[in-house]
Amino acid sequence: MNAEQDKHNVMTEQETPRQGNHRENSLPAFLRITLAKLVAQHPDLFFAMFIALAALGLYLRTLAPDVVDADGGEFQFAAWNFSFVHPTGYPLFLILGGLFQHLAPFGNPAYRLNVFTAITGALAVALVYLAAHELTRHRAVAGIVAATFAVSRTLWYDASAAETYALNAGFIALLIYIALRWQAEPTPRKFAMFCFIYGLALTHHRTIILWLPAFALFFFLVARQAQLGFAAFRFLPSAVLFFSPLVLYLYIPLRAPTAPYATLTLAPGHALVLYDNSLIGAINYFLGRAFQSEIRWDAVSVARLMTVPQMLQDEFGGIGLALGLGGLAAMVWRKDWARLGLILTGGVMTVLFDSIYHIGDIFHYYIPIYLVWALWIGVAIGALARAIQSSKFELGFLLLAVIAVFVQLVTNFSFADRSGETQARAQWTRVLSAPLPPNALLISNDRDEMMSLWYMQYVENTRRDVVGLFPLITPAPEYTNIARLTDSVLEVGRPIYFSKPMPGLEIKYRVEQNDWAWRVLGRAMDAPPQFPSHATIADRVRVLGFDVARQGETLRVAIAWTPLTKLNANYSTFVHLLDLNGNKIAQGNDHQVGGDFYPTTLWRIGEILRDEHALPLPPNLASGTYRLRVGMYRQSDGEVLGEPVVIGEVQIANDK
C-alpha cells in the first residue's frame with residue numbers, strides 16, 4: 001500500500017511540472033487564437049492599428065525633443081497648468097494633453113505634449129485608412145492612402161511637435177468614415193454617433209464648422225437617393241448629442257482666471273488682462289473676435305488660390321498631384337455625387353477660408369485639403385488597379401505606388417524633421433542666465449518666440465519675476481506694434497529690455513547693446529535737435545532739425561523726423577552734403593529708416609524719430625560752409641517721395 005502510494009506521489013510530482021508547462025504553453029496559444037479571431041472579425045481595425053504604429057514610430061523619430069515656439073509652446077505650458085490659450089480655446093486638446101503631460105512617466109512636460117501630438121497624428125493616419133477603405137473597398141489602396149497622408153509634409157511637421165492640427169484632421173477623417181458607414185447602412189444610431197463626434201470635434205478646432213455644408217449636402221443626397229425618411233435621422237436626440245460635448249467650453253471660464261498669466265501686473269494700477277472673465281469677454285473669446293480683422297478678400301487671397309496646385313505638389317509630388325486629379329475625375333465619371341459632394345465641398349470650403357484668413361501660420365490650415373487629396377489619390381489608384389485585369393500587373397502597379405510613397409517620405413523628411421529643434425530653449429537660457437535685473441520687462445516683436453519663455457516660467461518656474469511682452473498681447477491700440485508697446489511701459493519704473501537685437505528701433509529709443517538683449521534707456525530724442533529746421537517733404541514728413549558730429553573723416557548726421565500724415569509705404573532716407581553751388585560733395589549710407597522693426601508704415605503722426613547717417617568726407621575737402629539735403633524714396637521701387645529738401649548748413653574745417 002505504501003509502495004503504491006509512493007509511486008502515486010512520484011507520478012504526481014512528475015506530472016505536475018508537465019501540467020504547468022502545458023498551461024504555460026497553452027496561454028500564448030490562447031492569445032494567438034483570440035487575436036486571430038479578432039483579426040478575422042475586424043481586419044481593417046488591425047490594419048489601421050498597424051499603420052498607426054508605423055506612423056507613430058516615424059513621428060517619434062522626427063519629434064521635437066523640448067519646448068518649441070509659437071502655438072506649440074503656448075499649448076505646452078497651458079495644458080500643463082490646465083489653463084487657457086488664444087481664442088477660440090481648444091478645451092478638448094488642453095484637457096487631454098494636460099492629463100497626458102501629468103500621467104506620462106518620461107521626459108519633461110514639453111516633450112510629453114509633443115509625444116501626445118504624435119499620437120494624435122498617428123490616430124489621424126489610422127482614421128484616414130478607415131475612411132479610404134470605406135471609399136475604395138481596397139485594403140492595399142487604403143494603406144497607400146494612409147501612408148501618403150502620413151508623410152505629407154505639413155501633417156508630418158505638425159505631428160512632430162505640440163500642435164492641434166493633427167487631431168483636427170483625425171476628427172475630419174473619422175466623420176467621413178462614419179458618414180460613409182451610414183451611407184452603407186443608414187441607421188439612426190450611426191447618425192447619432194456622427195452628431196456626437198461632430199460636437200466633440202467642435203470643442204477642439206472650430207474650423208470643423210467649414211465641413212458642415214459638406215456633410216449636410218452628403219446626407220441630403222444619400223437620403224434623397226435612398227428615399228429615406230426622418231426616421232433614419234431622429235433629429236431631436238441627435239441634436240442633443242451634437243450639442244452636449246459643447247459643455248466642455250465651460251472649462252475655459254472655469255480655469256482661465258486661475259492661470260498665472262491671466263493678468264500681468266506691470267505696476268500698481270497698470271495691468272494687462274489677457275482673459276476677460278465676464279460674459280461678454282467669454283463670448284468674444286469663443287467667437288474669436290480678436291481675429292475678425294484678419295478675415296478679408298484681397299490680392300493676397302487671389303495669390304493663395306493660385307498657389308494651391310504648387311502646395312499640393314510640394315506635399316505629394318508631381319505623381320500625387322496627377323493622381324489626385326485622376327481621382328476627382330473618376331468620381332465624376334462614376335457619378336458618385338454624394339461622396340464627391342462631401343469631399344469636394346469640404347475641400348473647397350477649406351481653400352476659400354484659408355484664402356481669406358490672413359494669419360501668419362495659415363499653412364497649417366491646409367491639412368484638411370491634403371486629406372481630401374490623399375483620398376482622391378486612393379480613388380485613382382483603386383480605379384487603375386481594378387482596370388488592370390492581371391493580378392501580377394495589379395501587384396506591380398501597387399508596388400510602384402508604394403515606391404512613390406517612399407520617394408515622398410524621403411523628399412519631405414528634412415522639412416518635417418524637428419528632432420534638432422532646441423533653439424527655443426537655447427535662446428531663453430542665454431537671456432535668462434545673463435545679468436538680467438529683477439522684475440525686468442522683456443519685449444519681443446514676435447509673440448511666437450515669447451511662448452517658449454512663458455513655458456520656462458510657468459512650467460519650470462524660471463525667473464517668474466520677469467514679464468515677457470509682445471505686440472498684440474491684447475487687442476488694445478497701445479499694443480499694436482513693438483514701438484507702441486514699448487511706449488506704453490516706459491514709465492512703469494521697471495528695467496526694459498528688447499529680447500534680441502532689433503536694428504532700426506534706435507530711431508525711437510536709446511539702447512545699450514549687447515549680444516543677449518538690448519536695454520532700453522529712454523527715448524532717442526530726449527532733447528531738441530542741435531540745429532532746428534522746418535523743412536517739409538511732400539507735406540507728409542517734416543524735419544524738425546538735425547545734429548552733426550565730426551568723427552575723423554566721417555560726418556555723422558542725425559535727422560529728427562516727424563510724420564504729418566500716415567505713410568503707406570516703407571521708405572529709405574538719404575542725406576547729401578552739397579557745396580554752396582548745389583554740387584553733391586558726399587552722400588550718407590542710404591537705408592530703410594526704422595529697419596524691419598519700425599519702418600515708416602508703422603510711424604505715428606506727430607512722434608519724433610532720430611535717423612542717423614554717416615557721410616564719408618572726401619580727402620582734402622576745403623574748409624567752409626556746406627548744406628545738407630535730405631529726402632525719402634520708396635523701398636519697393638525707388639520712387640522718390642516729393643522733392644529732396646535742404647535742411648540747413650554746417651561748417652566743416654579741414655585741419656590738414
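Predicted model: local features only at pLDDT ≥ 70, side-chain atom pairs only at ≥ 80, totals over all residues.
Residues are numbered from 1 along each chain as its sequence is written. Local features need pLDDT of at least 70 and side-chain atom pairs count only at pLDDT 80 or more, while totals for chains, interfaces and linings use all residues; side-chain values use heavy atoms, with hydrogens and water left out.

The structure holds 47 aromatic pairs. Rings of Phe, Tyr and Trp (its six-membered ring) pair if their centres lie within 6.5 Å. Planes under 30 degrees apart count as stacked, over 60 as edge-to-face and the rest as tilted. In the pair of Y198 and F242, the ring centres are 5.9 Å apart and the planes stand at 40°, so the pair is tilted. This pair links distant parts of the chain, 44 residues apart. Y198 belongs to helix 9 (residues 188–202) and F242 to helix 11 (residues 235–243). Helices (H or I, at least four residues) and strands (E, at least two) are DSSP runs, numbered from the N terminus. Y198 counts as buried at 1% relative accessibility. F242 counts as buried at 17%. Buried means under 20% relative accessible area, exposed over 50% and partly exposed in between (1.4 Å probe, protein chains only).

Y261 and Y458 form a tilted aromatic pair, with 5.4 Å from centre to centre and 45° between the planes. Y261 lies in the loop between helix 12 (251–255) and strand 1 (263–267), and Y458 lies in helix 19 (residues 447–458), so the pair ties together parts that are 197 residues apart in sequence. Both Y261 and Y458 are buried.

One aromatic cluster is formed by W182, F191, F194, Y198, W211, F215, F218, F219, F233, F235, F242 and F243. Among the buried residues of helix 10 are F215, F218 and F219. Helix 10 (residues 212–226) has 15 residues. From first C-alpha to last, helix 10 reaches 21 Å, close to the expected 21 Å at 1.5 Å a residue. The expected span is 1.5 Å times one less than the number of residues. A214, L221, V222 and A223 are also among the buried residues of helix 10. The cover over these buried residues includes helix 8 (165–184), helix 9 and helix 15 (337–356). Just after helix 10, Q227 takes a positive phi of about 55°.

Two packed helices are described by the angle between their axes and the distance between the axes. The axes of helix 3 (residues 70–80) and helix 4 (residues 91–103) come within 8 Å and cross at roughly 75°. Axes are lines fitted to C-alpha atoms, for helices over the stretch in contact, and angles run from 0 to 180 degrees between N-to-C directions. Helix 3 and helix 4 are therefore roughly perpendicular to each other. Angles under 35 degrees count as roughly parallel, over 145 as roughly antiparallel, 65 to 115 as roughly perpendicular and the rest as oblique. On the helix 3 side, F75, Q76, A78, A79 and W80 meet F93, L94, G97, G98, Q101 and H102 of helix 4. Contact means heavy atoms within 4.5 Å. T88 is placed in the loop between helix 3 and helix 4. A cis peptide bond joins P87 and T88, with omega about 15°.

R418 lies in the loop between helix 17 and helix 18 (423–432). At 7% relative accessibility, R418 counts as buried. R418 touches T62, L63, A64, P65, V68, Y157, S160 and A161, not counting residues up to four places away in sequence. R418 also lies over the face of Y157, at 4.1 Å from the ring centre. R153 lies over the face of F415, at 4.8 Å from the ring centre. A charge sits over a ring if NZ of Lys or CZ of Arg is within 6 Å of the ring centre and within 35 degrees of the ring normal.

L395 is found in helix 17 (residues 391–416). L395 is exposed, with a relative accessible area of 60%. The C-alpha atoms of L395 and A140 are separated by 9.7 Å, although these residues are 255 residues apart along the chain.

R137 lies in the loop between helix 5 (109–136) and helix 6 (139–150). Its phi is near 55°, a positive value in a residue other than glycine. R137 counts as partly exposed at 49% relative accessibility. A538 is not a glycine but has a positive phi of about 55°. A538 lies in the loop between strand 9 (536–537) and strand 10 (541–551). A538 is partly exposed, with a relative accessible area of 38%.
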